[in-house]
Amino acid sequence: MRANGQSNRQKPSFDTELEFGGVLGSLCIIIFLPLTVLFLISVSQTPEAGLLQWPPALPSTEQLWDPLAPLLLTGWLVFHAVLYFLPVGKVSEGLVLRDGSRLKYPINGFHGCCISAVLLVLMLGLGAPLGYLYELQLPLATSAILASALLSLYLYIRSFWAPAHALALGGNTGNPVYDFFIGRELNPRIGNFDLKYFCELRPGLIGWVLINLGMLVKEVELRGSPSLAMILVNCFQLLYVVDGLWNEEAVLTTVDIVHDGFGFMLVFGDLAWVPFTYSLQAAFLVEHPQTLTLLRAAAIVVLNGIGYYIFRKSNSQKNQFRRDPTHASVSRLETIATPTGKRLLVSGWWGLVRHPNYLGDVLMALAWSLPCGFSHILPYFYVLYFTVLIIHREARDERQCRAKYGPAWDTYCRRVPYRIFPYIY
């Protein structure tokens with residue numbers, strides 16, 4: 001008990017605004033998103049690749065399970081958990097928490113990626129059947145979904161022993177379905193091992209690259225060499241993952257780390273949704289090879305380059321301003337003062353639209369899909385889904401910024417009227 005006699009446990013906040021459609025929406029996501037992952041993988045492996053065909057192409061029970069899959073997944077998670085503790089890179093502090101403390105995080109995800117790459121090259125040189133990942137996609141996805149559910153259950157149960165200041169503001173509603181989904185505890189840790197930070201960038205993101213490489217090896221086994229389309233998809237997405245790991249420190253200021261609890265939403269997204277739906281283009285190309293002209297390939301490369309340039313430059317400008325607003329690269333940018341003491345950028349990239357990094361993300365997502373041609377909608381699932389996701393995420397960002405900055409945010413919105421797409425939205 002505290003000195004004032006009040007409990008150290010935080011009472012449920014029943015007036016918290018529920019997101020994602022509330023309890024019903026959360027329940028639907030918990031049930032249908034895992035089924036969507038299995039459905040998409042199953043469809044990508046059929047000659048028709050028809051998302052709208054009836055009856056739908058549903059996998060059999062035998063296709064969903066292979067004893068090797070949970071062993072591989074467990075080994076992959078343990079391997080990256082060991083790499084998490086490597087004494088390389090620097091240690092950074094997160095933002096100030098409600099109790100005034102700041103957690104420390106190892107910035108060594110890029111090192112872990114490089115070690116993973118070296119081991120993969122060695123395994124390929126020794127003849128490891130990496131192409132077998134194509135056949136193991138469904139069992140691996142099933143195992144990842146089960147692992148996500150078990151980890152989410154563990155996180156929900158342990159959160160009831162967490163102190164009040166350690167809970168996420170939006171994840172303590174008292175409704176078990178919603179709180180399980182959104183996450184009750186903000187930064188759950190086992191000793192110095194931060195579960196949310198570990199899952200955010202490491203096993204799922206690097207696993208996405210591994211699956212892509214497995215699809216490329218499978219295509220080589222089937223046709224003797226990788227197609228230009230497969231090479232482009234692998235290179236584009238590898239660049240994106242490497243960029244995220246190289247700039248790992250920036251994740252410490254994202255909504256996922258700062259605001260959202262660690263529950264099923266993030267666990268499933270990190271461990272199952274990202275590696276198995278973001279790799280759909282590569283998986284599609286194994287069964288549906290595409291021929292690209294050099295001119296078309298060059299145009300796609302340019303599009304991805306433009307998207308990456310906008311994404312990286314806008315994020316770098318924001319991060320530099322947060323670290324040191326007096327730096328020469330940002331000191332001349334126009335800003336608006338806020339009641340919190342912070343200032344909002346209203347020029348540079350952040351004077352173009354309110355979320356220029358999202359604009360770059362969408363352009364890259366389109367570039368990842370274009371190598372797959374136009375005969376099927378399946379490869380474009382990612383860009384369609386991602387566009388909906390960032391529009392929803394932008395709306396969440398807007399609500400939080402308006403609550404945090406008050407009239408200053410309204411002033412910013414008047415100065416920068418477009419949210420993501422210039423002169424459109």
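Tutor: What follows is a short tour of the salt bridges, pair by pair. The model is predicted. It holds 14 salt bridges.

Start with Glu-249 and Lys-90. Their closest N and O atoms are 2.9 Å apart. Glu-249 sits in the loop between helix 9 (228–246) and helix 10 (255–258), while Lys-90 belongs to strand 1 (residues 90–93), so this pair ties together parts that are 159 residues apart in sequence. Glu-249 is partly exposed, at 31% relative accessibility. Lys-90 is partly exposed too, with a relative accessible area of 46%.

Next comes Glu-398, which forms a salt bridge with Arg-354. Here the closest N and O atoms are 3.0 Å apart. Glu-398 lies in helix 15 (residues 381–405), and Arg-354 lies in the loop between strand 6 (343–345) and helix 14 (356–369), so the bridge ties together parts that are 44 residues apart in sequence. Both Glu-398 and Arg-354 are buried. That means each has under 20% relative accessible area.

Now take Asp-410 and Arg-402. Their side chains meet in a salt bridge at 2.9 Å, N to O. Asp-410 is partly exposed, with a relative accessible area of 30%. Arg-402 is also partly exposed, at 37%.

Salt bridges can also link up. Glu-135, Lys-218 and Glu-221 are joined in a network of them. The general principle is simple: side chains of opposite charge can pair when their charged atoms come close.

How values were computed: Residues are numbered from 1 along each chain as its sequence is written. This is a predicted model: local features need pLDDT of at least 70, side-chain atom pairs count only at pLDDT 80 or more; totals for chains, interfaces and linings use all residues. Side-chain values use heavy atoms; hydrogens and water are left out. A salt bridge is a side-chain nitrogen of Lys or Arg within 4 Å of a carboxyl oxygen of Asp or Glu. Helices (H or I, at least four residues) and strands (E, at least two) are DSSP runs, numbered from the N terminus. Buried means under 20% relative accessible area, exposed over 50%, partly exposed in between (1.4 Å probe, protein chains only).
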